[in-house]
Amino acid sequence: MSSSTLAHPPSPSKQKVTQHQQDHALAPSSFYKAKRPPFAQQVITKEREKMKQEQQQQVLLVIFLVSCSRLATMAVSYHDYSEALSKCILFFEGQRSGYLPGEQRAAWRGNSGLGDGAMLGVDLTGGYYDAGDNVKFNFPMAFTTTMLAWSVIEFGEVMPPSELRNALVAVKWGTDYLLKSISDLPRRIYVQVGDPISDHNCWERPEDMDTARTVYVVEAPKAASDVAGETAAALAAASMAFRSVDPGYSETLLRNATSAFMYADTYRGAYSDNLDIRGGVCPFYCDFDGYQDELLWSAAWLRRATRDEHYLNYIESNAQTLGATETINEFGWDNKHAGLNILVSKEVLEGSMYSLQTYKASADSFMCTLVPESSSLHIELSPGGLIYRPGGSNLQHATSITFLMLAYANYLDKTSQTFNCGTLSVGPASLRKLAQRQVNYILGENPLGLSYMVGYSLKFPQRIHHRGSSLPSRKDHPDFIACKDGSVYFNSSAPNRNVHVGAVVGGPGDDDVYEDDRADYKKSEPTTYINAPLVGVLAYFAANPTTPQ
């Protein structure tokens with residue numbers, strides 16, 4: 001969209017098309033719609049229908065038995081938050097691209113994408129694959145990195161030293177790549193590596209991929225406020241995470257964050273509106289909800305990292321023109337509004353910055369939608385109590401919103417404050433209680449008794465939608481597996497060959513039903529931006545497992 005017109009104005013129904021998994025369905029002939037022999041397909045369909053009916057019956061029975069207690073007294077075995085934290089961070093090692101270090105713990109992975117950027121004579125190796133494919137989408141990768149860094153900033157002090165180190169390593173794997181992506185500023189920014197159409201037409205290991213590693217570039221004066229802004233936010237947040245452990249690297253991150261923000265603010269508009277790259281970035285990670293939130297979000301992070309009055313003035317003076325006054329109760333890779341309001345509210349609560357009161361009012365309003373006792377319109381919950389938003393990959397909403405609840409609870413707690421939902425006064429204890437219900441649901445306190453984190457508990461998804469996990473590793477199968485040769489593994493009903501420990505899948509629908517089906521990408525595909533906010537959430541509960549109920 002241009003700086004003067006919103007080509008894709010935010011709307012409540014937008015959630016149905018803003019998710020990455022929804023985009024896969026639009027990729028022609030992809031493995032997301034793999035073909036099977038008619039008879040086999042009929043058998044599979046009947047089996048799935050039978051399994052779904054059985055699960056729905058099971059869900060209804062469990063809900064009937066525990067509806068009064070809201071699942072608060074389920075098995076204590078699901079409460080090993082320290083184990084879950086460790087595995088949540090480990091997940092990122094399975095998503096790595098580039099040369100893997102000697103201490104790589106996800107041993108089923110190998111080097112990949114070693115020529116990324118070579119077609120343009122630049123080094124774009126490293127970074128993360130966003131989900132179960134082999135493409136590096138900078139927009140969600142930058143958001144992932146921001147949330148990993150925010151997890152360290154907010155909850156690093158309570159992390160065990162070993163996990164704090166692992167979390168910082170995960171942040172740095174993202175920031176090292178993001179620094180490469182803006183190394184040619186102010187002339188250009190690299191926003192994606194890999195042709196998603198050809199990638200999604202194949203089912204192959206990242207170590208084998210022979211699909212086009214197209215580099216998508218935005219050249220000045222073309223706009224990329226969203227990607228450049230989120231990159232600035234990630235680098236600014238990471239500079240704070242590294243400030244005490246690596247001051248030199250922290251300074252590098254902050255200096256580059258400033259450059260990225262300057263590009264974002266100078267050339268305003270959405271990167272996906274550039275026609276020369278639109279076919280590669282859309283519909284996968286289009287900017288559906290506008291670039292304005294990333295401008296405010298990145299300025300807010302630069303304000304927090306630098307304490308510079310320039311950024312304070314920016315978020316004050318642009319609140320109206322860039323949409324901060326809009327009530328948008330969403331937070332994720334595309335829409336930063338709710339997170340922005342929580343982040344800026346810290347200044348109001350701790351610094352009495354009443355000029356930012358608009359942000360604080362929006363933060364309170366959003367929190368009220370999560371409080372069952374409030375009179376506000378509420379965010380939808382499944383019968384079993386999970387936060388639900390339409391569009392697929394629902395756990396991205398549950399983890400990001402849960403993170404915001406805990407961050408806001410921290411800010412309230414530090415200043416001994418509460419907020420009002422009508423006549424109801426809400427404090428940090430209430431938010432933490434709500435947050436714990438969400439994380440417990442993810443870890444197994446749900447109608448199916450299923451942990452949605454792979455490798456955690458005795459019952460977890462076995463057939464996740466993930467190429468590297470489902471195919472045999474090179475150690476077990478050294479021979480090359482070509483593009484279409486992996487279909488036998490995609491179509492197999494057997495569990496994935498490699499357990500992708502820590503991967504949190506997209507999760508159940510609004511009926512709490514989850515079929516363990518590799519082809520059902522909306523539910524079975526993990527993403528980096530599901531796990532990233534969960535790192536902070538689990539860190540808090542690992543240190544405070546007995547939050548009052």
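A disulfide joins cysteine 282 to cysteine 286, with 1.7 Å from S to S; the term is used here for a pair of cysteine sulfur atoms within 2.5 Å. The torsion about the S-S bond of this pair is about 115°, so the link of cysteine 282 and cysteine 286 is right-handed. Cysteine 282 counts as buried because its relative accessibility is 11%, and cysteine 286 is buried at 4%. Buried stands for under 20% relative accessible area, exposed for over 50%, and partly exposed for anything in between (1.4 Å probe, protein chains only).

A word on the model: it is predicted, so local features need pLDDT of at least 70 and side-chain atom pairs count only at pLDDT 80 or more, while totals for chains, interfaces and linings use all residues. Residues are numbered from 1 along each chain as its sequence is written, and side-chain values use heavy atoms, with hydrogens and water left out.

How many disulfides does a search of the whole structure find? The search finds 3. As a reminder, a disulfide is a covalent bond between the sulfur atoms of two cysteines. Here they are together:

| Pair | S to S distance | Angle about the S-S bond |
|---|---|---|
| Cysteine 202 and cysteine 483 | 1.9 Å | -95° |
| Cysteine 282 and cysteine 286 | 1.7 Å | about 115° |
| Cysteine 368 and cysteine 421 | 2.0 Å | -95° |

Let us turn to cysteine 202 and cysteine 483. Their link is left-handed, with -95° about the S-S bond. The helices (H or I, at least four residues) and strands (E, at least two) are DSSP runs, numbered from the N terminus. Both cysteine 202 and cysteine 483 are buried.

Next come cysteine 368 and cysteine 421, whose link is also left-handed, at -95° about the S-S bond. This pair connects distant parts of the chain, 53 residues apart: cysteine 368 belongs to helix α13 (residues 357-368) and cysteine 421 to strand β4 (residues 419-421). Cysteine 368 is buried, with a relative accessible area of 4%, and cysteine 421 counts as buried at 4% relative accessibility.

Which pairing results when the bonded cysteines of the chain are numbered in sequence order? The pattern is 1-6, 2-3, 4-5.

One further cysteine is worth a look: cysteine 88 is buried, with a relative accessible area of 0%.
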